[in-house]
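Have the model open while you read.

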Amino acid sequence: MPNVIRILQLFLPWISLVFMPKKSIRTYFPASLFASSLVIGMCSLAIPYKWWSVKGGWKGKILNDSSFIFGLFLIGTLWIFHFTFGSFKRFFFVY
């Protein structure tokens, strides 16, 4: 069951890009990749500094982190930038 949730968490957000204009994807994808790379760095630093622990060891942590970062986080960041660009107040309250 956890693997099904990970797969859905990884692939379902990508389906939502069908509804986003291509111009927004091209505009905000680099910023979303940058934000995702920052989260990857934070997750990699969490191992030696023991900021949090995940059941299942390294394998569980890598699977959980990658399915979240490359699924919900990356696409969610795209959608947030798409809907809030040009209004800092809206961005502040959404993010």
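## A kinked helix and its partner

Helix α2 has a kink of about 40° at Y28, shortly before the proline P30; the bend at a residue is the angle between axes fitted to the seven residues ending there and the seven starting there. Keep in mind that this is a predicted model, where local features need pLDDT of at least 70, side-chain atom pairs count only at pLDDT 80 or more, and totals for chains, interfaces and linings use all residues. Residues are numbered from 1 along each chain as its sequence is written, and side-chain values use heavy atoms, with hydrogens and water left out.

Here are the two helices (H or I runs in DSSP, at least four residues, numbered from the N terminus):

| Helix | Residues |
|---|---|
| α2 | 22–49 |
| α3 | 57–84 |

Their axes come within 8 Å and cross at roughly 150°. α2 and α3 are therefore roughly antiparallel (an angle over 145 degrees). In the contact of α2 with α3 there are 18 nonpolar residues, five polar and two charged; nonpolar means Ala, Val, Leu, Ile, Met, Phe, Trp, Tyr, Cys and Pro, charged means Asp, Glu, Lys and Arg, and the others, Gly among them, are polar.

Which residues of α2 are buried? They are S24, Y28, S32, A35, S36, V39, C43 and A46, where buried means under 20% relative accessible area.

Technical notes. Axes are lines fitted to C-alpha atoms, for helices over the stretch in contact, and angles run from 0 to 180 degrees between N-to-C directions. Angles under 35 degrees count as roughly parallel, over 145 as roughly antiparallel, 65 to 115 as roughly perpendicular and the rest as oblique. Buried means under 20% relative accessible area, exposed over 50%, partly exposed in between (1.4 Å probe, protein chains only).
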